[in-house]
Amino acid sequence: SMLKFPMSRMAVALGALGPAMQAMERISMFLAVQNGADLSSRSDFSQVNDRVGHEVLRIQEANIVARKVSQQDEVGRPQDASEDQDNFVLRGINLSVRSNQLSVIVGPVGSGKTLLLEGIIGDRRLEFSGNHAFKRCGTIAYCSQSPFITGSSIRSNILWGMKYDPAWYQHILKVCCLLEDLDVLGSDLKRIGDHGMTLSEGQK
């Protein structure tokens, strides 16, 4: 009788073992990826200059491939054409971004705007040819189009662990045009996400 309960749970445990091992393998692969490591070697995070017009990013004669970087990738190394024949490629990228200035990337759907940004942060493979250059100063914060909503209050999803500063918080709500949404929702303390209120894609 002492073994009855453990033996009955063994089948359940074995059934969950396979998905758990797959999940661990995926996590290990993700952590093993040198995310932006090669780009970091070409970056100077110490040269941060707040002066208007200081160049913080320069890409010259680069191709960006629509394939996630892997541990075996070498940024800047051209691949065989057969490797990229099924991938969308941005070719001949020349870009310069300067501090304290607004830069906007525009284009039709599917033209590669997100691909360009992912190449800059190191999520996509960059290839260089000819008289190429890559320069990146300071740090980068990237907010993708896919929102990440936790099962907590609206305020918690906005603060994301940071200290609550009422004045700064209200400023963020204003510039993000969230004040009208909060008037409709009633309160920023209401729960969203799992077992919470449903938000539109724009609100997310």
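Trainee: In what order do the elements of the chain run from the N terminus on?
Mentor: They go α-α-β-β-α-β-α-β-α-α-α. That makes seven helices and four strands. Helices (H or I, at least four residues) and strands (E, at least two) are DSSP runs, numbered from the N terminus.

Trainee: And what kind of model is this?
Mentor: This is a predicted model, where local features need pLDDT of at least 70 and side-chain atom pairs count only at pLDDT 80 or more, while totals for chains, interfaces and linings use all residues. Residues are numbered from 1 along each chain as its sequence is written, and side-chain values use heavy atoms, with hydrogens and water left out.

Trainee: OK, salt bridges. How many does a search of the whole structure find?
Mentor: Two. A salt bridge here is a side-chain nitrogen of Lys or Arg within 4 Å of a carboxyl oxygen of Asp or Glu. Glu55 pairs with Arg58 at 2.6 Å, N to O, and Arg155 pairs with Asp188 at 3.1 Å.

Trainee: Is Asp188 buried or exposed?
Mentor: Asp188 counts as buried, at 11% relative accessibility. For the cut-offs, buried means under 20% relative accessible area, exposed over 50%, and partly exposed in between (1.4 Å probe, protein chains only).

Trainee: And what about Glu55 and Arg58?
Mentor: Glu55 is buried at 12%, whereas Arg58 is partly exposed at 30%.

Trainee: Zooming out, what share of the chain's residues count as buried?
Mentor: 25% of the 204 residues. The chain exposes about 14400 Å², with carbon and sulfur atoms supplying 57% of that. Those areas come from the Shrake-Rupley method with a 1.4 Å probe; for residues, only the protein chains shown count as cover.

Trainee: Switching to pockets: what volume does the largest pocket have?
Mentor: About 700 Å³. Of the 22 residues lining the largest pocket, Ile149, Asn157, Ile158, Gln203 and Lys204 are the closest to its centre. A pocket is an open set of points on a 1 Å grid over the protein atoms alone, where a 1.4 Å probe fits, with protein on both sides within 12 Å along at least five of seven lines; lining residues have an atom within 4 Å of a point.

Trainee: Which helices each supply at least two residues of that lining?
Mentor: Helix 5 and helix 7. By type, the lining of the largest pocket has 14 nonpolar, six polar and two charged residues.

Trainee: How much space lies in the second largest pocket?
Mentor: About 510 Å³. Val56, Leu57, Val97, Ile120 and Ile140 are the closest to its centre among 21 lining residues.

Trainee: Which element gives the most to the lining of the second largest pocket?
Mentor: Strand 3, with four residues. Strand 2 (55–68), helix 4 (113–121) and strand 4 (124–137) are among the others that each supply at least two.

Trainee: Which residues are buried in helix 4?
Mentor: Leu115, Leu116, Glu118, Gly119 and Ile120. Just after helix 4, Gly122 takes a positive phi of about 100°.

How values were computed: Points joined across faces, edges and corners; volume = space filled by probe spheres on them. Nonpolar A, V, L, I, M, F, W, Y, C, P; charged D, E, K, R; others polar.
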